[in-house]
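Please keep the sequence and the structure at hand while reading.

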Amino acid sequence: MRVSVIGGGVVTEEQAATAERLGRELAERGHEVVCGGLGGVMEAVCRGASAAGGRTIGILPTERRADANEYVDTAIATGMGNARNVLVVMNGDAVVAVDGGTGTLSELGHALDFGKPVAGIGTHRIEGIAGIEHVESAPAAVDSVERRA
């Protein structure tokens with residue numbers, strides 16, 4: 001399964017460690033990682049997946065594949081800026097959000113619109129909107145999306 005991982009481009013050490021653990025967990029269970037291809041959560045999840053022998057795909061907001069973080073195996077340049085957020089979630093069978101700001105919030109909205117199973121670790125809680133299963137750890141997030149995909 002392909003899992004889109006979304007989250008902040010600037011993160012704390014704790015958030016980066018969570019995202020890296022998530023990447024390792026996904027790769028160890030045989031899943032591919034799709035992300036926005038830049039820094040923060042995106043770089044950490046790719047680093048973790050790569051360390052565990054997993055495959056990573058970065059859908060970049062820029063026109064240059066070279067802008068991808070060093071752990072992206074397949075870089076897709078879009079030149080679309082944040083409009084590429086739709087492509088990030090569309091290309092996963094499920095979505096996991098780690099932290100995040102307004103870009104992550106938009107991706108959560110797209111994921112819910114597309115009917116994707118979504119797990120969240122320390123991310124937005126949206127009153128009155130069902131579909132995001134909030135969990136406390138990377139293994140629990142992967143369990144959540146595997147169960148619902």
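## Helix H5 and its buried side

In helix H5, which spans residues 138-148, the buried residues are Ala 138, Ala 141, Val 142, Ser 144 and Val 145; buried means under 20% relative accessible area, exposed over 50%, and partly exposed in between, with a 1.4 Å probe and protein chains only. These residues lie on the same side of H5, because they cover an arc of only 155° around the axis, the arc being that of the directions from the helix axis to the C-beta atoms. An α-helix has 3.6 residues a turn, so residues three or four places apart point the same way. The cover over the buried residues of H5 includes H1, E5, E6 and E7, where helices (H or I, at least four residues) and strands (E, at least two) are DSSP runs numbered from the N terminus.

The model is a predicted one, in which local features need pLDDT of at least 70 and side-chain atom pairs count only at pLDDT 80 or more, while totals for chains, interfaces and linings use all residues. Residues are numbered from 1 along each chain as its sequence is written, and side-chain values use heavy atoms, with hydrogens and water left out.

## The sheet

An open sheet is formed by 7 strands in the order E4-E3-E2-E1-E5-E6-E7, with parallel pairing; two strands pair if DSSP finds at least two bridges between them. Strand E4 (74-77) and strand E7 (132-135) are the edge strands, each of them pairing on one side only. From one strand to the next the twist averages 25°, with axes taken as lines fitted to C-alpha atoms, for helices over the stretch in contact, and angles running from 0 to 180 degrees between N-to-C directions.

Within this sheet, strand E5 (residues 94-98) pairs with strand E6 (residues 118-121) in the parallel sense over 4 bridges, and Val 96 stands opposite Ala 119 in E6. Helix H1 (residues 13-28) packs on the sheet, where it touches strand E1 (2-7), strand E2 (32-35), E5 and E6, and its direction makes about 155° with that of E5; contact here means heavy atoms within 4.5 Å.

## Helix H2 and Gly 48

Helix H2 (residues 41-51) lies across E1, E2, strand E3 (56-60) and E5, and runs at about 165° to E2. Its buried residues include Val 41, Met 42, Ala 44, Val 45, Cys 46, Gly 48 and Ala 49, and what covers the buried residues of H2 includes E1, H1, E2, E3 and E5. After H2 comes Gly 53, whose phi is positive, near 80°.

Gly 48, which has its place in helix H2, is buried with a relative accessible area of 0%. Not counting residues up to four places away in sequence, Gly 48 touches Glu 20, Gly 23 and Arg 24.

## Salt bridges

Side chains of opposite charge can pair when their charged atoms come close. The structure holds 12 salt bridges, a salt bridge being a side-chain nitrogen of Lys or Arg within 4 Å of a carboxyl oxygen of Asp or Glu. One of them joins Arg 2 and Glu 32, whose closest N and O atoms are 2.9 Å apart; because Arg 2 lies in strand E1 and Glu 32 in strand E2, the pair ties together parts that are 30 residues apart in sequence. Arg 2 counts as partly exposed, at 31% relative accessibility.

Arg 21, Glu 25, Glu 28, Arg 29, Asp 143 and Glu 146 are linked in a network of salt bridges. Between Glu 28 and Arg 21 the closest N and O atoms are 4.0 Å apart; Glu 28 is exposed, with a relative accessible area of 54%, whereas Arg 21 is partly exposed at 29%. Elsewhere, the side chains of Asp 67 and Arg 64 meet in a salt bridge of 3.0 Å, N to O.

Glu 107, in helix H4 (residues 102-113), is buried yet has no salt bridge, and the nearest side chain of opposite charge, Arg 84, is 5.0 Å away; for charge, Lys and Arg count as positive and Asp and Glu as negative, while His and the chain ends are not counted. Leaving aside neighbours within four places in sequence, Glu 107 is in contact with Ile 6, Gly 7, Asn 85, Val 88 and Val 89.

Asp 99 has its place in the loop between E5 and H4, and touches Gly 7, Gln 15, Thr 104, Ile 121, Gly 122 and Thr 123, not counting residues up to four places away in sequence. The C-alpha atoms of Asp 99 and Gly 120, which are 21 residues apart along the chain, are separated by 7.8 Å.
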